[in-house]
Amino acid sequence: MLIWFAFVGLVRLIPWLILAVIVTSIISLFLDHFVWFAIIVGALIFFYIVGSREEKKEQKSTTIDGDFEEIKK
């Protein structure tokens, strides 16, 4: 009789175990892709900021080849 109760309990438990595996697999897949997406977007934003600062430094420069005379336009 004890074996029968264990079998019935296992039959009721199996669908929940399958559901738990599916849900955790979906969450894991989402988090894995989200982490890579966040890393790539963060790197692009970082390089955009660094590049825009370099462009501002180049625009403010009034020297040519080490000469410190102002350029007259």
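Is F7 buried, exposed or partly exposed? Hold that one for a moment.

First, what you are looking at. This is a predicted model. The protein has one helix and zero strands. Helix 1 covers residues 2-60.

Now the surface. The protein exposes about 7500 Å². Carbon and sulfur atoms supply 72% of that area. And how much of the protein is buried? Buried residues make up 0% of the 73 residues.

Back to F7. Its relative accessibility is 48%, so F7 counts as partly exposed. The cut-off matters here: exposed means over 50%, and buried means under 20%. W4 comes out at 52% relative accessibility, so W4 counts as exposed.

Next, the aromatic rings. Searching the whole structure gives three aromatic pairs. One of them joins W4 and F7. The ring centres are 6.0 Å apart, with 40° between the planes. That pair is tilted. Why are W4 and F7 about one helical turn apart? Because they sit three residues apart in helix 1.

Another pair is F46 with F47. Here the centre-to-centre distance is 5.3 Å, and the planes make an angle of 65°. This pair is edge-to-face. F47 has a relative accessible area of 57%, so F47 is exposed.

To recap: one helix, zero strands, 0% buried residues, and three aromatic pairs.

Terms used: Residues are numbered from 1 along each chain as its sequence is written. This is a predicted model: local features need pLDDT of at least 70, side-chain atom pairs count only at pLDDT 80 or more; totals for chains, interfaces and linings use all residues. Side-chain values use heavy atoms; hydrogens and water are left out. Helices (H or I, at least four residues) and strands (E, at least two) are DSSP runs, numbered from the N terminus. Buried means under 20% relative accessible area, exposed over 50%, partly exposed in between (1.4 Å probe, protein chains only). Accessible areas come from the Shrake-Rupley method with a 1.4 Å probe; for residues, only the protein chains shown count as cover. Rings of Phe, Tyr and Trp (its six-membered ring) pair if their centres lie within 6.5 Å; planes under 30 degrees apart count as stacked, over 60 as edge-to-face and the rest as tilted.
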